[in-house]
Amino acid sequence: MGISQYIKEIGRGARGARPLTREQSADLFGQVLDGTVTDLEIGGFCLAMRIKGETPEEMAGFLDATHARLTLFPAAGRALVVLPSYNGARKLPVLTPLLAMLLAREGLPVLVHGSASESSRVLASNVLAALDVPALAAVRAIADGEVAFASTELLNPALKKLLDVRRVVGLRNPGHSVVKLMRPTAGPCVVVASYTHPAYATVMGDTFALTGTTALLSRGLEGEVVSDPRRTAQIDGYVRGARQELQAQQAGTLAEVPGLPTEIDIASTVHYTRRVLAGELPVPEAIATQVAHIRQLASHA
């Protein structure tokens with residue numbers, strides 16, 4: 001079916017729009033990624049979905065289309081840990097690189113992927129580059145105990161182009177959800193996902209169930225997948241789509257995290273990360289717990 005027919009279905013507002021099936025969603029998103037539609041039609045799709053909101057079945061279809069078109073990392077040793085990183089630092093340092101390196105220290109292969117959605121933020125890729133982890137030039141096997149960073153464009157240039165629509169219309173679109181849920185590897189993996197608004201937790205969890213994904217899902221740190229070091233958040237695990245509660249949320253916020261810098265610049269974040277990895281500062285308990293849960297999920301992936 002042509003994209004204009006799909007837009008008619010999803011573009012009738014929050015109350016009048018009808019959800020698409022998984023198969024229809026895969027067809028629609030495939031047309032967007034294949035570049036067979038106009039920029040105007042892509043804009044219409046993005047705005048219609050923003051108003052309507054994605055159902056789990058639609059998200060599963062979008063992921064089906066994406067996985068069929070990704071340049072996948074080959075299976076290697078242990079299950080690959082996938083850390084999407086698209087938000088960066090806003091008020092607190094971006095600690096996704098610290099999480100990645102702690103996981104690699106456990107012998108796991110780790111892939112961080114992302115792209116800049118806002119030019120004013122310090123990104124995980126900036127910090128990783130300063131920690132001698134440059135962006136990959138080509139997709140290759142990732143070794144056990146290694147951290148690698150891949151830009152979204154390396155995985156699929158059309159997906160990066162869809163993310164960039166936000167710079168024009170100023171709103172998120174389904175691409176921003178897809179990149180946080182996708183499995184960019186031909187082998188077993190653990191997708192580490194996060195949400196900011198509780199309503200997204202249900203959709204994301206149901207999507208993992210529909211797609212049979214092994215994943216860890218929790219409220220992240222300013223949109224990043226790493227746990228907020230000041231809080232004890234709810235953490236859910238998914239083993240090939242089957243949900244299990246790993247940690248219940250606890251009230252309260254720590255007044256201080258030892259050594260955590262008040263500045264969010266690259267140098268301060270790198271210095272803190274190096275000190276934690278060297279044992280000069282403690283690993284924040286929330287992040288240490290997250291590492292343990294991911295390691296356990298990886299053993300079942």
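## Basis of the description

This is a predicted model, in which local features need pLDDT of at least 70 and side-chain atom pairs count only at pLDDT 80 or more, whereas totals for chains, interfaces and linings use all residues. Residues are numbered from 1 along each chain as its sequence is written, and side-chain values use heavy atoms, with hydrogens and water left out.

Helices (H or I, at least four residues) and strands (E, at least two) are DSSP runs, numbered from the N terminus.

## The sheet

Seven strands form an open sheet in the order β3-β2-β1-β4-β5-β6-β7, and the pairing is mixed; two strands are taken to pair if DSSP finds at least two bridges between them. At the edges stand β3 (147–151) and β7 (242–247), each of which pairs on one side only. From one strand to the next the twist averages 25°, with axes being lines fitted to C-alpha atoms, for helices over the stretch in contact, and angles running from 0 to 180 degrees between N-to-C directions.

Strand β2 (residues 110–114) pairs with β3 in the parallel sense over five bridges, and in this pairing L111 has A148 of β3 as its bridge partner. Strand β4 (residues 189–195) likewise pairs with β5 in the parallel sense, over five bridges, and there A193 is partnered by L217 of β5. Strand β5 (residues 215–219) is mostly covered, with four of its five residues buried, where buried means under 20% relative accessible area, exposed over 50% and partly exposed in between (1.4 Å probe, protein chains only).

## Helices across the sheet

Helix α11 (residues 174–181) lies across β1 (80–84), β2 and β4, and runs at about 135° to β4. Helix α12 (residues 198–211) lies across β4, β5 and β6 (235–239), and its direction is at about 160° to β4.

How many of the 10 residues of α6 are buried? Nine of them are, so that this helix is mostly covered; the buried residues are T96, P97, L98, L99, A100, M101, L102, L103 and A104. Their cover includes β1, β2, α7 (124–130), β3, α13 and α14 (285–298). After α6 comes G107, whose phi is positive, near 90°.

The axes of α6 (residues 96–105) and α13 (residues 266–277) come within 10 Å and cross at roughly 25°. The two helices are therefore roughly parallel to each other, given that angles under 35 degrees count as roughly parallel, over 145 as roughly antiparallel, 65 to 115 as roughly perpendicular and the rest as oblique. The contact (heavy atoms within 4.5 Å) is made by L98, M101, L102 and R105 of α6 together with Y272, T273, V276 and L277 of α13. These residues divide into six nonpolar, one polar and one charged, where Ala, Val, Leu, Ile, Met, Phe, Trp, Tyr, Cys and Pro count as nonpolar, Asp, Glu, Lys and Arg as charged, and the others, Gly among them, as polar.

## Two loop residues

S85 is found in the loop between β1 and α6, and it counts as buried because its relative accessibility is 7%. Not counting residues up to four places away in sequence, S85 touches T96, V112, H113, G114, S115, A124 and E224.

T55 lies in the loop between α4 (39–52) and α5 (56–67). Leaving aside neighbours within four places in sequence, T55 is in contact with P19 and V203. The C-alpha atoms of T55 and E23, which are 32 residues apart along the chain, are separated by 13 Å.
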